[in-house]
Structures are given as C-alpha cells and as structure tokens.
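Biologist: Please put the model on the screen, and then let us go through the words used to describe it, setting each one against its cut-off.

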Amino acid sequence: MSSQKRLSICFHGRVQGVGFRYTAYHIAQSLGLTGWVKNEYDGTVLCEVQGSGADIDMFLAKLNNARYIRVDDMEIKELSVDEDERSFYIR
C-alpha cells in the first residue's frame, strides 16, 4: 500500500464549537479514511488522517468548505502509516 499516507494536521481558526470534529468524522467515513480528530486546549483541532493522497486532499477541501468552519492555517506533518488502523473516530 505504498499509495497510502498518514498526516498529522493541526487546524487553526474557527474550528471549535462549530461541529468540526463531527464534520471531519463524517467526511472521513464517506471517503474511507482512517485516523482520529480531537479538540486541543489551545483552541486548535488536532487530526491524524490516513488514506490515499487524493482522498486526503478531498477531505481537506470539504472541511475548508464546510458551514461555520473557518480554517485559517494548518500545520501538517507526514507520519508513518498505521497498517492496523481500520476506522476514523473522535477522541
């Protein structure tokens, strides 16, 4: 599965209290992505997402166009793929 990748993404902006985690969960589920999403104490949202590059790009595009959510910045790091992960969940 060399086409698979895993990213850690820290989202900045209006991302808490606007349904961001639930939106991320539903988008990830619809695209067959795995990983997790959680709120951080500093007002950001941290997410690890895994799947094909095209599906991750679609995930990010849909999040950026979701109602009420405003992503001002993203800190992205590439991680090692987790071969055993099978779902996407909210932490």
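**From values to terms**

Modeller: Let us start with Ala66, which has its place in the loop between helix 2 (53-64) and strand 4 (70-79); helices (H or I, at least four residues) and strands (E, at least two) are DSSP runs, numbered from the N terminus. This is a predicted model, in which local features need pLDDT of at least 70 and side-chain atom pairs count only at pLDDT 80 or more, whereas totals for chains, interfaces and linings use all residues. Residues are numbered from 1 along each chain as its sequence is written, and side-chain values use heavy atoms, with hydrogens and water left out.

Biologist: Why is Ala66 called buried?

Modeller: The relative accessible area of Ala66 is 17%, and buried means under 20%, exposed over 50% and partly exposed in between, with a 1.4 Å probe and protein chains only, so Ala66 counts as buried. Its C-alpha atom is separated by 13 Å from that of Gly17, 49 residues apart along the chain.

Biologist: Is Tyr68 buried or exposed, and how do you know?

Modeller: Tyr68 is also found in the loop between helix 2 and strand 4, but its relative accessibility is 55% and therefore it counts as exposed.

Biologist: What makes the phi of Tyr68 worth a remark?

Modeller: Phi of Tyr68 is near 75 degrees, a positive value in a residue other than glycine. Most residues other than glycine have a negative phi.

Biologist: How many helices and strands does the protein have, and in what order do they run?

Modeller: There are two helices and five strands, and from the N terminus on the elements run β-α-β-β-α-β-β.

Biologist: What makes the protein as compact as a globular protein of its length?

Modeller: Its radius of gyration is 12 Å, close to the 12 Å that the globule rule gives for 91 residues, so the description applies; the radius is taken over C-alpha atoms, and the rule is 2.2 Å times the number of residues to the power 0.38. The C-alpha trace spans about 35 × 25 × 20 Å along its principal axes, and 40% of the 91 residues count as buried. Where contacts (heavy atoms within 4.5 Å) join residues at least 6 apart in sequence, 80% of them join residues at least 24 apart.

Biologist: How do you know that strand 1 and strand 3 pair?

Modeller: Two strands pair if DSSP finds at least two bridges between them, and strand 1 (residues 4-14) and strand 3 (residues 45-52) have eight, in the antiparallel sense. Among the facing residues, Ile9 has Cys47 as its bridge partner in strand 3, while Phe11 stands opposite Val45. Strand 1 also runs antiparallel to strand 4, joined by nine bridges, with Leu7 opposite Glu78. In the hairpin of strand 2 and strand 3, which has five residues between the strands, Gly43 takes a positive phi near 95 degrees.

Biologist: Why can strand 3 be described as largely enclosed by the rest of the structure?

Modeller: Seven of its eight residues are buried, so the description follows from the count.

Biologist: What makes the charged end of Arg91 sit over the ring of Trp36, in the terms used here?

Modeller: A charge sits over a ring if NZ of Lys or CZ of Arg is within 6 Å of the ring centre and within 35 degrees of the ring normal; the charged end of Arg91 meets this description, 4.0 Å from the centre of the Trp36 ring.
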